Amino acid sequence: MGMFSWTEKSSAVLQNGGVIGPDERLPWGQTSLMGIQHVIAMFGSTVLAPILMGFDPNVAVLMSGIGTLIFFLITGGKVPSYLGSSFAFIGVVIAATGFAGQGANGNIGVALGGIIMCGLVYTLIGVLVHVIGTGWIERFMPPVVTGAVVAVIGLNLASIPVKNMAANNFDAWMQAVTFVSVALVAVFTKGMLQRLLILIGLIVASIIYAVLTNGMGLGKPIDVSGIANAAWVGLPTFHSPVFEANAMLLIVPVVIILVAENLGHIKAVTAMTGKDMDKYMGRAFIGDGVATMVSGSAGGTGVTTYAENIGVMAATRIYSTAVFMVAAMLAVLLGFSPKFGALIQAIPLPVMGGVSIVVFGLIAIAGAKIWVDNKVDFSDTKNLIVAAITLILGTGEFTLKFGDFALGGIGCATFGAIIMYALLSRAKTN
C-alpha cells in the first residue's frame, strides 16, 4: 500500500460495529466531512494557545495544517494524528518573553528561538527512539512523573485567566457564565455537540456577553468593526526567531512533556485500532519535532499530537489517515484568511478567560487521569513524595537561579520530578 492509497470502505462497516482503519477510508465526500469535524475539534485549543502567548492565531492554524502534513509524510501515512498548538509551551513562553497577557507579544522572537531548539531536541530523541525503542523513556518517566508534570502545566497556568483576563466584577461574572456554559454543554449534550464543548460554550457565552454589553450597556461592548474591515484572503503576520540562551534553556525542557504526550497518544491509538503503532513511535517523534521547528521558524507555536482529535476518532471509530490529510489542508486555507483572524480577535477577553479556566483545569485533571489509568500506587512513599513536591513546585512557581539563568516553576517541577524519582528509586525496597 502506498502512502496516498487507502482501501475504500462503505459506512455500513461502522453501522455493523466495525472500524475504519488507518489504511482505509470512507468515500471522499464523507472523508471530507470528517476532516471538517477534526478541524473544529482542534480549533478551540489551537487558537486559544497562541492568543494566551500573544502569537498570531492565523499563523498557528496555518502551521497546525502544515505540521500535520509533515507528520503524515514522515510517518508514511501510517499514524492517524492531528498536530495542534501545544499548551505545554504557554507557561515557559510567558516566562521567557514577559508577556502581559493581552495583545501581541512584542518579544515573540526569543520564544520562537526556544521553540525551534525544543523541536530539534525532540527530533533527536525521535531518531534515538527509532534506533533503540522507547524502554529508556518509560524508565526515566514512569506514570507518576508524567502525571505530575502534566498536572503542573494546568495548575501553573491557573492564575492567568483569574488574575489577567477579568478587569472588573462584571468580567469575573462573565468568566463564570462562560465556564458554566461549557460545563452544561459538556454534560447535557451528546455526540458531536459534546465533542465541541469548548467551541459551543464559547459561542453561547459570547452571545450572552453581547446581549449584556452591546445590548444593555453593562460592560465593554464587543467590537466587530475589525471583522467587517478584514480581507477574506491574505497573508498572516510571520515572525523571525531570535536565539537567546536564557529563553532556550527555559523552553527546551518542554520536550519532556511533548514526548510523554505523544507516547500516550500513540498507545491510545494502538489500543483503539488494535494495530501496533509502537513501531512508528520514533517516526512520530521526528514528525512532531520537525513540525515544531517549521512552525517556530514562521511565528507559530510548538505543536503536539492532539487528544481532542483522538477523542473524535474514539467517538466515530474512524481512524483513517486520509481524514487528517483533508483536515490539514482545510487548516492551511483558514490560516490565509485575515477575516477568520479578526473573528478570533473579536472574542471578548472575559469569555476567553472563562474558556481558559476550563482548558487549564482539564490539563491538570489529565495529569491525574494518567495516575488513575496506570494505577499509580500512592501508598508507595516514593510515588507520594515525588508527586507532592512536583505539584507545589510547579503551582507555586518555585524558581532556581543559576547565575543569570532562572529555571521557573514548570521547569523546576519537570526536572525535579525526574531527578527525585531517579534518586528515590535507589532505595532498597523491602
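**Figure 1. H19 gives the largest share of the lining of the second largest pocket, 3 residues.** In this predicted model, local features need pLDDT of at least 70 and side-chain atom pairs count only at pLDDT 80 or more, while totals for chains, interfaces and linings use all residues. Residues are numbered from 1 along each chain as its sequence is written, and side-chain values use heavy atoms, with hydrogens and water left out. On a 1 Å grid over the protein atoms alone, a pocket is an open set of points where a 1.4 Å probe fits, with protein on both sides within 12 Å along at least five of seven lines, and lining residues have an atom within 4 Å of a point. The volume of this second largest pocket is about 710 Å³, counted as the space filled by probe spheres set on the points, which are joined across faces, edges and corners. Its lining has 35 residues, and Gln102, Lys220, Gln345, Ile347 and Leu349 lie nearest the centre. Two or more lining residues come from each of helix H2 (28–53), helix H12 (225–229), helix H18 (338–345) and helix H19 (349–373). Helices (H or I, at least four residues) and strands (E, at least two) are DSSP runs, numbered from the N terminus. By class, the lining holds 19 nonpolar, 12 polar and 4 charged residues; here Ala, Val, Leu, Ile, Met, Phe, Trp, Tyr, Cys and Pro count as nonpolar, Asp, Glu, Lys and Arg as charged, and the others, Gly among them, as polar.

**Figure 2. The largest nonpolar core has 102 residues.** Such a core is a set of buried Ala, Val, Leu, Ile, Met, Phe, Trp, Tyr and Cys residues joined through side-chain atoms within 4.5 Å. Buried means under 20% relative accessible area, exposed over 50%, and partly exposed in between (1.4 Å probe, protein chains only). Phe87, Phe89, Ile90, Ile251 and Phe285 have the most contacts inside this core. Helix H14 (residues 254–273) brings its largest share, 10 residues. Take a look at Phe89: leaving out residues up to four places away in sequence, Phe89 touches Met53, Ile115, Cys118, Ile251, Val254, Leu258, Thr292, Gly302 and Val303, where contact means heavy atoms within 4.5 Å. A second, separate core has 7 residues, including Leu26, Met34, Val312 and Ile318.

**Figure 3. Ser86 and Thr301 are each shown with their contacts.** Ser86 sits in the loop between strand E3 (83–85) and helix H4 (90–97), and is buried at a relative accessible area of 0%. A polar atom of the Ser86 side chain lies 3.1 Å from the backbone nitrogen of Ala88. Beyond four places in sequence, the contacts of Ser86 include Ala49, Glu261 and Thr301. Thr301, in the loop between helix H15 (281–298) and strand E4 (303–305), is buried with 1% relative accessibility.

**Figure 4. Ala327 lies in helix H17 (residues 321–335).** Ala327 counts as buried, at 0% relative accessibility. Although Ala327 and His38 are 289 residues apart along the chain, 6.2 Å separates their C-alpha atoms. His38 is also one of the contacts of Ala327, along with Gly35, Val39 and Tyr82, when neighbours within four places in sequence are left aside.

**Figure 5. Thr414 is part of helix H21 (residues 409–424).** At 1% relative accessibility, this threonine is buried. Not counting residues up to four places away in sequence, Thr414 touches Val149, Pro253, Ile256 and Ile257.

**Figure 6. Lys375 and Glu397 each have a positive phi.** Most residues other than glycine have a negative phi. Phi of Lys375 is near 50°; this lysine is in the loop between H19 and helix H20 (381–395) and is exposed, with a relative accessible area of 71%. Glu397 has a phi near 55°, lies in the loop between H20 and strand E5 (400–402), and is partly exposed at 39% relative accessibility.

Terms used:
Polar contact = N/O pair within 3.5 Å; in protein donor to acceptor, adjacent residues only side chain to side chain.
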